[in-house]
Structure formats: C-alpha cells, structure tokens
Amino acid sequence: MYSNAVWRKGLRKPNQPAVRPSGWQLFNHNRLARLGMWIFVCCTVLACLAPILPIPDPNATALVHRLAKPWLIQWFFGDMVQNPPVFEGWLGTDHLGRDLLSRVLWGTQISLLVGGSATLVAALIGSLLGLVAGFWGGRIDNLLMRGIDMLMAFPYILLALAIVAVLGAGLMNALFAIAIVNIPFFARNVRGVTLGVVRQPFVEAAQLVGKNRWQTLCTDVLPNVMPTIVITMATTLGWMILETAGLSFLGLGAQPPQADLGSMLGEGRKLLFTAPHVSIIPGLIIFILVMSINLIGDGIRDVLDPRLKSGVMGRPAAATNIRCNREADEFARPEVQGLIVNQLQTEFQLGHATYQAVNNVSLTLEAGECLGLVGESGSGKSVLALSIARLVPSPPGCIVHGQVWQDTQDLLSIPLAQLQHIRGNKVAYVFQDPATALHPMLTVGSQLVEAIRAHRPISYRQAWQQAVNWLERVQIPNPGQRVHSYPYQLSGGMRQRVVIAMALINQPKVLIADEPTTALDVTVQAQILKLLKQLQQDTKAALLFITHDFGVVTTLCERIAVMYAGQIVEMGYTTDVLNHPAHPYTHQLIKCIPKLGGEGALATIDGLPPAMNALPPGCHFAPRCPWAETRCKESTMTLKAISNSHWVRCCKPL
Amino acid sequence: MSIKHGELPLLETKQLWRTFADKHSIFRRQQQGLHVLQGIDLSINAGEVLGIVGESGCGKSTLARLLVGLDRPSQGVVYFNGLPILGNDSSSTHVLGITNKRNNIINKRNKKLLAKSIQYVFQDAVSALNPRKVVAMSLQEPMQYLLGMANKHFQPRLKQLIDQVKLPDEILQRYPHELSGGQAQRVGIARALAANPQILVLDEPVSALDVSVQAQVLNVLLELKQTHKLTYVFISHDLSVVERISQRVVVMYFGRVVEQGSVNDVFHQPCHPYTRLLLASIPKLNQSLAIEVAENSAELPDPFNPPIGCAFAPRCPRAKATCFQEKPALTAMPGEGHIAACHFPHLP
C-alpha cells in the first residue's frame, strides 16, 4: 500500500496469498470511518423510526409554549426559583411552539431522502454519460462532453436556482435541480476513469474473446469504474444534503409546514439572538450528518482505491532512514579510491511484515573497475544500488546495518548536506528509463548545466560549453544544436546518452548504472555499452553495472556478482563465474538463457523466488535446488572463497 | 516442418498496408500519413512457427494486431485458409490510406470466426487480465462468448486448460495482481487456447519475464504446439528466443520485410546488412561485442519524412548511391524461400 513502485520493483509478493481481507474488514479497520458509520446509522435509524417514536406531531403548533429552551439547558442554566424548568420536549420548541426534537427527526428523514435520491439520480445519469463518452470516444464523446461543459459553465447554485425557478418551488423540484447540477461532476469523473480503463489491454482482450461493445462495457469496463462511482457517491451524498438544505433555507425546497433541516435553519435564522437553539440544533444535525457521511466516504475510498489514501502520496525523506547500532559496527577505515559496501542490510516495513530486500551484502569496487551485479527481478539488486547513496524511499525503506565507504567516508553516517554534495558528484547514477530520468520541460543543455553548477561554482556560459563538450563525448551528432532540444525530441538511445553525460559530467569516482540498456533496442544497446566502456576507461570511474542479462555483463565487466533473494550468492571474475559457475543458482540460471544455435527444450528453475518477508531458513535457494540436502535447509550460509578470487554462498559448491 | 508444395497456406497476407493518418478536422490541417506497414506479404503454413523480429517502431506489433482483428489494414487482405477474412476486398481500387468502409470484409460474423481461429497473447500479461475477475472468470469468457458452451461444461475444461499451461488448480481462484509475471503469462496463453484456435499470435510474450521464467513459458509454448498442432506467429525483439522457437523468420525494418527465410538461412547466412547488424549486436556469453558493426550511431529514419531509397541505407556500411535513390525489392537469395530486400546483399 505504500509506494507502488517500490512494491513492484524491490519486493515480490508472497507466493501464497493469505486469506484476502474482505472490503468490510478493511473498512472496519479504519476507526474514523467506523465512527462515521455508527453516527450515520444512528441518525438514519432514528429518522426512519420517527413515525413510530413517541414524539409529538412535528406540525402541531402550540403558541403558548413557543420558544421553550431545551430541557437540559433549562435544567443547567435556568434559575430554579423564578423560572422553574418546564419540560417542553427534549430540544424545546420553535417560534410556533412545535416540538423541535420531532421536527429534527422528520427533517433529517426528508433531508436524507432528498439527498440520497438526488445522489442516485445524478450518479445514474452522470455515470452513464461518462461511461458512454469515455468508451465510445470520438464524436459521441465530443457531443456529450460539450453538453456537460455548458452545464458547468454556470455557477451551480445559480443553475439550481434557475431550475427551481422554472419548475417551481417544492422538495421534488429541488431534488431534480440538485441532481441535474451534479450530473457533470459524475460524468467528468467517470469519463476520466473510463478513458484510463479503456486503454488497458484487458479491454482489447475482451474484444478477442468474442464480446460485443455493450458486453465489454458492462462486464469489463463497468466493474473497474464502479469503485470511482461508489466513491464519488459516498463523497457527494453529504454535499447533496447540504445543497438541499441550502435550497430549503432559501425557501425553495421544503414548503411550510413541512420540516426539513434547511427550512428549519431558515426559520430559526430570524431568532438567532433571542432563541439560538431554534437554528443551532438543525445546524448541528446537518453538521453531524455531513461529517459522518464524509468520514464514511473517505473510508470507502481507502478500501476501494488505496492509491488515493491520504499520506501515501507524500514524498519520501531526502535520504533513507538509518537504524544501525553505530558502536557495534566498528569497522576499520579503508583507504579506497572506489567503493566498499560492508554488510549492508536494507529492509522495507510494510504493515506488520518486514521485507529483507538486501541482506548482508558486502562488495568492493576498485577505481577503474567494472563490477556486474546480476539477478532476476526482486533479487534486491536495485535496492542495493539505491542504498549506496541512501536513495531508497523512506518510509517504508530503512537501512538497518552496514557501511558504504567511498573515499574514507561512510556514506551512511555522514550528514545529509554532505551526502547531497556526494550524490551526482562523486557517486552518480544512470537509471533504466531515460525518459523519466530527464525533466520533460527543460532542455537537455539546461539540465546538464544544472548538474554541473550544483557541484561546481562556474559560470553559466562555461557550464554550457562543458555540456556541449560532453554531448560530443557521448557521441551525439550535432551537439551544438542538440543541446537546445527537449528530451521528447530525442530518441531513446540519444536520451540515454544524455543521461550518461549527466552522470559523468562531474567526473564521479563511482558510477552506478541500473539496467541502463534494458529499455533499448539491441543495436542501440550495443552502441551504449561500447560508449559506457570507453568512457569508463577514460574517466577511471568505478562502475557498478546492474543487469539481468549475462550477455551484457560479459561484454562490459571484469568481475560479476550474482544476487538471489537479497544476498550475493556468487562473486568472481566474469570468465570464472560464467564458465565454471559454482553456485547451483548461477549454474541453473545460465542454462536458462536461450543461446543462438541451441536446440530442444530450455532448462528451467522449478518454483519461484521466495517472498522477501518469509525467506526460507538456511540457504534461500535450497527449496528450488536439485542438489539440496538437509543441511542446506538448516545452517545459515556464508560467502566462502573457493579460490582467491571466486566466492560462493553454498555448502557444497559445484 | 516440411510443407508440401501446392498446399494452401493457413494464413496469408497480401500487400498489407497500415497508415495512421490524421482524421479530417475543421480545426486541423491534415498531416501526412504515417505508413507503419508498407506492403507486407506473409504466408504461414499450418503447424509452423513464424518468427517476426525487428526493433521497436518497425511495425511488428501493428502487424500482430492486424492479424487478430484488433486493428484494420488500410489496404491489403488477410486470407485464412484461402478465404479473405480481413481487410479490403478490392484493394486495387483504393487510394492509399483511405479505407472504404463498404469494402471492409470484417463484420460481426467474421469477427467471431476470426477470434475462434486466431488468438492473441499480450506482452503485458498482468494488465491483459481484468483486475476485478479471478482467473477462472477470465478463462471461461472465450468458452461462453465464442463457443457458446453451457455453464456446466466450464469446470472440467478450466482444469484441463490450467493443466496444459502447468499451473496448479488453485490459481483459478486468484486475482491477476496475485499472480507472478510468468503465471499471468501462462494464464494468458490458457485463455488464448480456451476457444481451440488454430493460430496463436504471440506479441513479445516473454520479453517482460526473467530468464528462468521465460524458459518455463517457452517450454510450455513448445509443448502446446506439439500436442495441439498449433501454428504460431511469434513476435519478439530477442533473436535467440526466436531462433529457438521458430522454423521461419521474418526480419522487419521500418514497416517492411527486409529478409525472410528459414531460421537456418537467416541466422547462419544472413544476406541483409540489417539482419547482420542485429545478429552482431546481441551480447553473447563469453564473447566480447562485435563492435565494428555497431559503430554507426544513426537510428531509425524519421517516419514523417521517410527516405526515398532503402530505409536502412543511412546506417548501412555497404550503402551506395543507388541505395539512397531506389527502394530494393525482395529478391530470392540462396536457400529455400530465402528472400531479402537489398541492392547489395551479402552472398556466400
């Protein structure tokens, strides 16, 4: 429920889903929503029971007892001697001596009925218009939406007044007015969601299973739009009640003597100073009713559409939280030009579950060296890369152990300001998708200049010149012109070149490339790999290259580390690991890769990677390993050297 | 798989064009059309796997969508078992890019026939399943809408389908978001098989999967082909996957077929320089990159301003003046059914 990106990228959901919590359970979990629910149920039940409760007729006048104060107020504040409390109904009476409690109950009933009906009418018509417009698109969409736009062009209350003026005053007409005024709201909301749903592949799939347009609309699109309709209804109901009250307050809704919360408020307004209770009580009831409905609406929204939940959209902290016991982690300060990661451990806290995305990873990266980090999705390789400069979103991410040494500094213990000076300067990143890594509204040149000037005090013109030079170094043809282009004007390969230029422009000591060529075509990938290799040799940066493709690693890296379930399971020179894989996982994984000239069925690895919140004891690969013994499932594995440059986390390496 | 001469191909396309043109609008100047497919001729024999390779933007996905009826050709006809099933019947009378609706063969009856014979497997398996339906619901839809099966027959068939793609029965009660990528893709294949089609069009079915999972899905596909005598149109940008699964390969570049032939011919004696570039660009295990061919940094030509001559000429190391002026036609190369569109092909 936290950041979806994290959920998808770094973690794997449990293979066996637990019993699904029902919508009601989720709703009930939300205390405020439950409170709202109870208040609303109480109000509704009382309002419904109004005809059979022992209360006086709401329209019976008794001018003798007019403007009697509520019983409790009389009892507390009245002076017992001169004006002994007289019981004139629990909530007192209005200016005609009618019992307020009775009128409030009947009035609530009417307000709920009118508000509810108006919501239903508006939802039905509005959703239908929105669905049809969004699903069919084209002319129909244009026609319907321009109509809706015309409705929206008038201020809604004026429109409602105009409608009532045409139809005449009365509750029923107020209902229609409110419904009509709210149709655009539903139509626009539903159309927006429908447009998104219609573009999903499953709608095309529905076409291929032989459904016609209406069947697709009803069985595929509608169920996916329904949550929005329900949420909109739940959040609008309160608003509709307010609008009903508003029209009645103006004397256009309920007509006397009929009781309605709005008209009661209107009648009490004249006596606000002499008998405040006459207007305050219906006002309070409206407030309570609308508040409870809004709480319920928020609760329903959280259940049906968790992404909209307040708080989740909030930005993560500027750096990942660290929760280490510093004294216990004393580690000799090494003198390294490159990067040393020591016993790094990163976790995600989601609800009650702890996902160990990176588990005790240590690696060394010399200056000018290229280390390939290989693993399948969910193995924790991206989280490891992000942990190095504390870029894991926090919450839910948290580094619980380890150090990251870069040039005698532990990146995990220095203050944020210092860390920000290192990010993009000494430690730079290249991510998978160049389209999202670049700002779409700024030219390539200004983004490069920004990267330079964030770390070095040079003039704009000098920085611009450097940007052009760097575009030339990453082999972008015509750099003098390209520097003025926006990212969308460049092809994917060109964009990735720009991102690489941006990463290298400050001469970083460490470059971390997270699947930089995965989104590119093979021919472009070949160009980018060649470029990276050449630039890395020129700049002597240490390169941590993350990928899932063994072929790519071979072309680029001298050493390779294989990750599985958050741990490095094998590390060594690329030729050693590829030709003589010692860990069963590496061995199996290499056999899975289809090679040109291969024959017959491909080798596979049985089963799925373990859930990161329920890692199997002992070797994490043991449940899928054909060579596993009982001891593999019992003892914890450590990374052991099988030669002076080849390390394996296995008790019986191949 | 050897096919007897004279036998009718199961699926055939003739001069298939797809042009994305701006609709006429009062407010907008009509722009030049975008020719995504430019005269594609293919024939797929029963029981064969035809691999289609090419880079992004070469039109291979558009072609796949045309074959299953998700999109309509601007010009050209698709024949299934010799019958025109999609496209414009009298294509010769048409001006390029303008579809005459009356001549469009596709109608409701044809659409169902098409869906029963040709099914499609999506690249993004998870979003191709309705998120509000459990797997069983998604799988029974083709039986219900295409085959008109009665509800009582669903259960055994569902079990059979899910067994065929090697998934456990409890998957049937899961929602798409509870599936892993590989499981979802196998559900997608099961759904495609539910209506007993003869042809599966697979659009990058394993590109989004990890290698170990990719191998599982490919094995399922290979096995299903044997047991069900299926015909595949397998679209991928990954040449090693295509080589493993197909008998014949079509290489596409910029909306055209540039080379076509048996896997053996195309992969071992590639004649078109683009095919050679593709093959050389694949990063191989235990082998440093053949960097010489990747030298040229030019990319796909501007689709709004298409080149007059060969579209690959700007990137081609062998390009001569002719290449920039004349479009090469597909001509026979050594090897059975091996054709390539190049003025100066690599010949053995």
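## Aromatic pairs

The structure holds 14 aromatic pairs over all chains. Rings of Phe, Tyr and Trp (its six-membered ring) pair if their centres lie within 6.5 Å; planes under 30 degrees apart count as stacked, over 60 as edge-to-face and the rest as tilted. A:Tyr460 and A:Trp464 are stacked, at 6.2 Å centre to centre and 20° between the planes. The two residues sit four apart in helix H17 (residues 460-473) of chain A, so about one helical turn separates them. Helices (H or I, at least four residues) and strands (E, at least two) are DSSP runs, numbered from the N terminus. A:Tyr460 is partly exposed, at 41% relative accessible area. Buried means under 20% relative accessible area, exposed over 50%, and partly exposed in between (1.4 Å probe, protein chains only).

A:Tyr486 and A:Tyr488 also form a stacked pair, with 6.2 Å between centres and 20° between planes. A:Tyr486 is partly exposed at 31%, whereas A:Tyr488 is exposed at 60%. Ring pairs also link A:Phe135, A:Trp136 and A:Trp214 into a cluster.

## Basis of the model

This is a predicted model: local features need pLDDT of at least 70, side-chain atom pairs count only at pLDDT 80 or more, and totals for chains, interfaces and linings use all residues. Residues are numbered from 1 along each chain as its sequence is written, chains are lettered from A and ligands numbered from 1 in the order in which they are written, and side-chain values use heavy atoms, with hydrogens and water left out.

## Salt bridges

The count comes to 26 salt bridges over all chains. The rule asks for a side-chain nitrogen of Lys or Arg within 4 Å of a carboxyl oxygen of Asp or Glu. A:Arg301 and A:Asp302 meet in one, at 3.2 Å from N to O. Both residues are buried.

A:Glu369 bridges to A:Arg559, with the closest N and O atoms 2.5 Å apart. A:Glu369 lies in the loop between strands S3 (353-365) and S4 (370-374) of chain A, and A:Arg559 in strand S10 (residues 559-564) of chain A, so the pair ties together parts 190 residues apart in sequence. A:Glu369 is buried at 10% relative accessibility; A:Arg559 is buried at 15%.

A:Glu515 and A:Lys381 form another salt bridge, at 3.7 Å from N to O. A:Glu515 lies in the loop between strand S8 (510-514) and helix H20 (522-539) of chain A, and A:Lys381 in helix H13 (residues 381-388) of chain A, so this pair joins parts 134 residues apart in sequence. A:Glu515 is buried at 6%, and A:Lys381 is buried at 4%. Shared partners join A:Asp94, A:Arg98, A:Arg103 and A:Glu267 into one network of salt bridges.

## The open sheet

Eight strands of chain A form an open sheet in the order S7-S8-S9-S4-S10-S11-S13-S12, with mixed pairing. Strands pair if DSSP finds at least two bridges between them. The edge strands are S7 (427-430) and S12 (640-643) of chain A, each pairing on one side only. The twist averages 20° from one strand to the next. Axes are lines fitted to C-alpha atoms, for helices over the stretch in contact, and angles run from 0 to 180 degrees between N-to-C directions.

S10(A) pairs with strand S11 (residues 567-573) of chain A in the antiparallel sense, over six bridges. A:Met563 stands opposite A:Ile568 in S11(A). Helix H23 (residues 584-592) of chain A lies across S10 and S11 of chain A, at about 100° to S10(A).

## Cysteines

Zero disulfides occur over all chains, by a cut-off of two cysteine sulfur atoms within 2.5 Å. A:Cys48 is partly exposed at 49% relative accessibility. A:Cys398 is buried at 8%.

Key: Contact means heavy atoms within 4.5 Å.
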